[in-house]
Amino acid sequence: MNAPSTGTAAPPLLDVRGLQKYFPITRGLRQRVVAQVRAVDGVDFTISEGETLGLVGESGCGKTTASRCILRAIDPTGGAIVYRTRDGRTVDLAALSPAALRPLRAEIQMIFQDPFSSLNPRMTLLDNVGEPLLVNGMKNRRERAERVAELLRLVGLRPEFMHRFPHAFSGGQRQRIGIARALATSPRLVVADEPVSALDVSVQAQVLNLLLELQSRLKLTFLFVAHDLSVVRHICDRIAVMYVGQLVELAPTDAIFGRPQHPYTAALMRAVPVPDPRVRSSDGILGGEVPSPAAPPSGCYFHPRCRHAQERCRVEAPALREIAPDHMTRCHRAGEVAF
Amino acid sequence: MTPLLSVRDLRVSFALDEGLVRAVDGTSFDVMPGQVLGVVGESGCGKSVTMRAILQLIERPGRITSGEIRFRRRDGDNAVDIARLPPRGPEMRDIRGGEIALIPQEPMAAFSPVHTVGDQVIEAILLHGHRWQEGGRRLRRAEARDITVGLFRDVGISMPEQRIDAFSWQLSGGLRQRAMIAMALSCKPRLLIADEPTTAIDVTTQAQVLALLRDLQARYNTAIIFITHDLGVIAQMASYVVVMYLGRVMEQGPVDDIFHNPRHPYTKALLRSIPSLHGATRVALPVISGALPHPFNRPPGCPFHPRCPDAMARCAAAIPSLQPVAAHQLASCFLHHDQAEPA
Amino acid sequence: MTTLDAGTVAEDRVAVASNWRLVWWRFRRHHLAMLSAVLLIGLYVVVLMPDFFATQDPERTDARQAFIPVQMVHLFDDGKLAPWVPAIAGKRNPVTLRMEWTTDKQRKVPIRFFAPGHRWRVLGLFETNLHLIAPADPTQRIFLLGSDRLGRDQWSRIMHGTQTSMTVGLVAVALSVILGVVLGGISGYVGGKTDQVIQRVIELLQSVPTIPIWLALSAALPRDWTPTEIFFAITVILSLVGWTTLGREVRGRFLALREEDFVLAARLAGCSQMRIILRHMVPTFLSHIIATSSLAIPVMIINETSLSFLGLGIRPPAISWGVLLQEAQNIQTLALAPWLLIPGLVVIVAVLAFNLVGDGLRDAADPYSQ
Amino acid sequence: MTRYILRRLALLPLLMVVYSFVIFVIIQAPPGDFLTAYVATLASSGSSMSAEQVQALRQQYGLDQPMIVQYVLWLQHLLHGDFGLSLEYQRPNADLIGEQLGLTLALALFSLVLTWVIAVPAGIYSATHPRSWGDHALTVINYVGVATPNFMLALILMWIAFAYFDISVTGLFSPEFADAPWSLARVLDLLGHIWLPALVLGIAGTARLSRIMRANLLDELNKPYVVTARAKGMKEWRLVLRYPVRLAFNPLVSTIGWYLPLLFSGSLIVATVMNLPNIGPLLLRALVNQDMYLAGGILLIYSFLTVLGTLLSDILLALIDPRIRVEG
């Protein structure tokens with residue numbers, strides 16, 4: 001592990017505390033609120049400068065919603081998102097007005113999942129990649145073109161491409177363009193939302209390599225949202241696992257893969273088919289289905305599917321606790337049994 | 001052993017306004033009775049089109065231009081050439097659903113949203129009623145309904161009596177795919193084609209569905225063609241693997257040989273480029289350079305040669321044919337033989 | 001990291017083709033739509049200067065020249081280029097005592113192209129007497145499409161009717177577009193209560209039988225208004241109901257676009273609301289708006305024609321296609337002078353052309369759909 | 001489902017109040033009131049009315065009151081089924097409208113049925129045989145059908161019938177049945193006449209509907225569930241009718257919502273041209289003669305019918321689409 005370890009002297013770049021996002025379910029003509037979908041329900045984590053935190057879970061677990069809250073693409077219902085700016089101030093992103101937020105946008109950028117819908121098809125690469133520069137004050141077109149050329153070279157594309165439109169490029173190339181746009185304003189924190197899951201296997205490796213290379217060259221900090229555990233393991237320093245809107249485990253990559261401290265994490269890892277016919281991964285398949293975040297089960301949300309569940313798990317909701325140094329888990333029985 | 005299904009030099013092309021797309025360009029492989037054959041490849045490699053061709057479900061502007069799809073309807077019988085059967089004729093309809101069944105990719109879209117799932121399964125049973133009812137009497141709807149409830153129970157759907165009257169959009173992704181599997185199994189097919197059956201569902205649900213398929217396969221000894229882009233799924237499910245790229249078979253062989261002794265540069269590169277749960281982390285992965293070519297822009301010669309690290313002058317000029325390279329392994333690569341496709 | 005090989009992307013003009021160029025390339029493939037577009041351009045040239053195409057004053061009446069049949073233009077005489085129309089021969093019907101006219105191909109009335117005739121003003125700027133077609137003898141009258149019961153020249157009247165009807169369609173749609181884009185945009189962008197109110201208004205307007213309401217509104221127009229005032233009132237009335245379709249379309253696009261990744265990317269880049277709307281959203285649905293508008297024009301034309309035909313739209317002395325068709329209301333007259341239906345054919349052709357162009361545009365509007 | 005219908009029904013009176021107000025404003029808009037027009041009519045026919053008489057009538061009708069009071073008065077009368085008196089005909093408006101309403105409805109409904117009977121099979125054929133000669137022919141017919149104003153079509157048909165076959169295709173009855181009491185023979189005579197105006201009225205709608213059907217069905221035919229059904233081994237035509245056609249039908253049912261207003265609009269013109277017994281021509285005369293309560297009554301009837309039609313089509317849609325039925 002060559003990234004800086006966490007929780008030491010320097011304060012974190014991002015400190016998310018009790019993040020909540022509820023979506024109301026409305027009925028009828030008067031839009032009466034009948035229920036709340038707790039998409040994100042009290043999530044805490046920190047990200048240190050230069051590290052990559054993986055946010056993992058199955059669809060509907062709230063990982064995407066949480067990452068969009070951090071970007072303030074959507075407004076969180078509650079909680080704080082404390083961010084340390086380039087000039088050393090700490091601000092709560094969750095509390096900022098849109099106007100106060102705008103200057104900070106340059107520091108926090110996003111890489112999208114779908115390389116086809118994330119670029120404006122009616123704008124050339126120069127305009128697509130150069131737009132963040134333009135709205136952040138680089139009005140001179142020549143200057144902008146030079147910077148775009150530099151960015152394209154950085155992500156492995158030819159600068160001459162800048163006068164082309166996105167439709168001229170393949171999925172992998174478009175993903176590079178999206179990365180170039182995200183890097184245009186020299187951000188410090190990059191939220192990557194499933195950046196390789198829409199790509200073909202042979203292209204996925206190219207983009208993963210590019211992300212690793214850019215991180216070490218530009219000292220980037222990544223929040224890496226993904227569902228593919230092998231990709232997450234490959235690229236992340238620490239991993240946060242989400243289940244029904246909550247964080248269930250948070251630990252350094254080696255620790256979590258070496259000795260998961262939550263039964264869901266363990267089941268998730270066992271469920272990944274190993275690309276080696278000599279290794280059979282059949283034991284301990286997780287039964288049942290992910291519950292709806294509009295009506296989660298009592299006690300521990302995972303207890304109906306957990307083979308280690310006891311009476312306590314049914315009634316008492318476990319809190320996130322530190323089971324080993326830097327290793328957090330939300331399980332009553334962690335440490336008692338091996339998962 | 002004689003193969004159940006034998007595909008020989010299959011070619012399928014789509015005549016689009018912008019030009020001709022050769023989606024499948026000379027594909028050959030066999031499926032043995034009771035075997036799970038894995039077909040793996042990236043987008044545009046023609047794996048799904050090949051499977052649709054086997055069911056004669058290619059829609060205009062696509063058509064099978066040449067090749068054979070020989071299928072043995074009963075043990076000991078001579079095989080019929082599906083590629084020669086009229087797509088909408090009675091024999092093809094009898095094979096479809098009756099002897100070769102399909103598990104599609106998107107269980108959500110694969111059910112009609114305005115008919116109950118039970119209705120759609122019952123219909124499949126009634127269509128091939130003679131497979132359940134020996135002696136000519138037509139199957140009654142109530143009987144088909146009972147069979148469906150049994151099938152639902154078989155594939156692990158709880159409360160099958162209630163679920164049978166549900167609409168597909170009222171079921172979870174996992175249940176939908178189970179219902180789809182029940183429908184595919186409804187007429188005891190000899191061959192099951194699973195077209196990326198777990199791509200649209202989550203990993204824990206995927207594990208359930210894969211376990212179910214393995215279990216059913218062991219119970220009924222049905223042959224399965226399993227199509228996927230996920231090498232992990234292939235390794236866990238298949239006993240024999242076909243690797244496709246741009247409409248052609250690059251390599252095929254027993255699963256262990258493909259994963260531990262790959263011969264074709266494409267297979268090798270593909271296996272190396274996936275991050276695993278065990279390898280070194282945060283290091284550069286070996287990559288396949290370049291991108292998949294646009295379908296209108298097929299390279300001449302071996303389709304993989306522009307991205308191939310071992311490409312030779314000859315690779316751009318001639319197309320290597322699929323030849324044996326080991327006891328049970330075949331590859332189409334000039335590194336291993338010098339047989340070219342006749343021009 | 002090595003620079004990617006560009007060989008996979010052909011270094012061609014498609015790569016640097018803008019959205020509008022792609023739309024144009026796709027539109028060009030629809031041959032019928034192209035043909036229709038040329039026809040429409042021709043019609044709008046007539047709109048600009050109907051007098052140039054008219055052979056005489058559209059209001060000139062002559063009871064002795066009523067119901068003259070179509071005088072077909074012939075280009076060649078004896079193999080030489082010498083355009084002419086056949087002369088008219090009249091005979092009084094001994095039973096009905098009505099004049100009945102036939103064309104006599106033996107007697108030729110020579111005509112000339114780009115020749116002088118009655119005086120008119122080009123776009124109201126300067127005076128000229130140049131016409132596309134004029135009889136060689138300026139004292140003579142020719143009736144290329146026959147004459148009506150008052151002996152007015154139908155060809156010239158159709159030219160002037162074209163000006164009115166095509167303009168009504170265009171102006172009414174322009175008003176609808178303004179209303180639709182503004183209200184639909186507000187509805188889609190603001191959302192919430194405003195959206196609900198606008199949506200209910202649209203539903204209310206769409207569930208009303210339009211012709212009766214239009215008739216009632218037109219009937220409410222003061223009798224003493226000038227033709228110009230009536231003209232604008234009618235266009236306003238037409239667009240009052242016509243904007244709803246566009247409003248819905250714009251709203252739908254806004255809602256869909258708000259969810260697009262590239263719009264979110266623009267927001268995250270720090271773009272202002274105004275910039276997102278003008279630079280990202282509007283260009284994306286502009287081509288759809290144009291396509292929908294071009295499909296709305298023919299609807300407006302048919303509606304205007306219907307209202308005028310019923311006597312509650314454009315009123316004489318103003319001339320529109322609908323006004324001309326009032327002459328064809330009587331079946332006995334029609335049996336005598338079937339050419340009075342020709343304005344109707346003009347309506348059909350114009351509407352057909354608009355629909356073909358609109359459909360072609362709609363198909364071409366989204367070059368990124370595939 | 002029942003709640004959904006009840007909620008929609010509850011909304012109906014509210015909508016009618018809104019419409020009635022808008023209509024009242026419109027019919028009030030012409031300068032002067034109907035008494036002025038009436039006096040003018042009387043004067044032109046030679047008779048006259050004293051100022052006292054006019055004043056008395058003005059009071060009787062509440063014309064000296066502010067507009068909102070007049071509206072409330074009108075609404076009160078309407079609620080008691082009193083549509084007022086026609087100036088021109090000197091008869092109750094309710095009778096005038098009632099005489100024509102049945103045949104107006106018959107024409108619209110007959111046209112609606114005819115439209116569906118022609119458009120749906122044509123649309124299915126076009127979608128299942130795309131780019132065939134039949135499809136191209138239907139496309140041409142559709143384009144021309146949409147482009148032809150229906151009064152134009154009526155004129156052409158009448159002209160051809162009159163000029164070449166010397167028959168009259170106007171009216172809904174043969175002369176001998178025009179004023180006869182209802183009998184089986186009269187109904188048959190009606191059916192023999194009504195199809196032509198119904199066709200003229202429905203031609204544009206038929207063209208639009210069959211294009212919608214074609215587009216919907218083409219969309220549906222590309223959906224994965226069609227592949228699933230084919231993979232079951234179904235017969236092609238059975239499959240098409242059972243799945244994609246069934247689904248393509250839903251958006252078609254919702255077209256009734258806008259198609260009914262279109263039909264009523266069209267029937268006004270067609271009835272005027274073809275001289276049919278219909279409330280359309282009645283409205284036209286009423287508007288021209290400023291017979292305002294008659295016009296208002298007819299406009300209200302039109303609105304009521306279309307609102308009712310939309311409601312029925314929504315209920316129908318909910319009935320055939322489980323996604324709306326279950327969720328709604």
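In this predicted model, two salt bridges are counted between chain B and chain A. One pairing across this boundary is that of R278(A) with D256(B), whose closest N and O atoms lie 2.8 Å apart. Polar contacts also cross the interface of chain B and chain A: 23 residue pairs are found, with both partners at pLDDT 80 or more. On the side of chain B that touches chain A, at least two residues come from each of the helices α7 (173-185), α8 (203-220), α9 (231-237), α10 (255-260) and α11 (265-273) of chain B. The largest share, nine residues, is supplied by α8(B). Sorted by class, this side of chain B holds 24 nonpolar, 18 polar and six charged residues.

The extent of the contact can be described in two ways. In residues, chain B contributes 48 and chain A contributes 46. The size of an interface is often given as the accessible area lost when the parts come together. For chain B and chain A, the buried area is about 3,800 Å², with carbon and sulfur atoms giving 54% of it. Q236(B), L277(B) and R282(B) provide 23% of the area that chain B buries against chain A, more than any other three residues.

Over all chains, the count of salt bridges comes to 64. Within chain A, R68(A) forms one with D193(A), the closest N and O atoms being 3.3 Å apart. Because R68(A) belongs to helix α1 (residues 63-70) and D193(A) to strand β7 (residues 189-193) of chain A, this pair ties together parts that are 125 residues apart in sequence. Both R68(A) and D193(A) are buried.

R141(B) is partly exposed at 46% relative accessibility, and D119(B) is partly exposed at 23%.

In chain C, a salt bridge joins the side chains of E203(C) and R200(C) at 3.2 Å, N to O. These two residues are three apart in helix α5 (residues 192-206) of chain C, and so about one helical turn separates them. E203(C) is partly exposed, with a relative accessible area of 36%, and R200(C) is partly exposed, at 39%. Returning to chain B, salt bridges that share partners join D9(B), R11(B), R22(B), D25(B), R248(B), R298(B) and E341(B) into one network.

Key
Residues are numbered from 1 along each chain as its sequence is written. Chains are lettered from A and ligands numbered from 1 in the order in which they are written. This is a predicted model: local features need pLDDT of at least 70, side-chain atom pairs count only at pLDDT 80 or more; totals for chains, interfaces and linings use all residues. Side-chain values use heavy atoms; hydrogens and water are left out. Contact means heavy atoms within 4.5 Å. Buried area is the accessible area (1.4 Å probe) that two parts lose on being put together, summed over both. A salt bridge is a side-chain nitrogen of Lys or Arg within 4 Å of a carboxyl oxygen of Asp or Glu. A polar contact is a pair of N or O atoms within 3.5 Å; within protein, one must be able to donate a hydrogen and the other to accept it, and residues adjacent in sequence count only if both atoms are side-chain atoms. Helices (H or I, at least four residues) and strands (E, at least two) are DSSP runs, numbered from the N terminus. Ala, Val, Leu, Ile, Met, Phe, Trp, Tyr, Cys and Pro count as nonpolar, Asp, Glu, Lys and Arg as charged, and the others, Gly among them, as polar. Buried means under 20% relative accessible area, exposed over 50%, partly exposed in between (1.4 Å probe, protein chains only).
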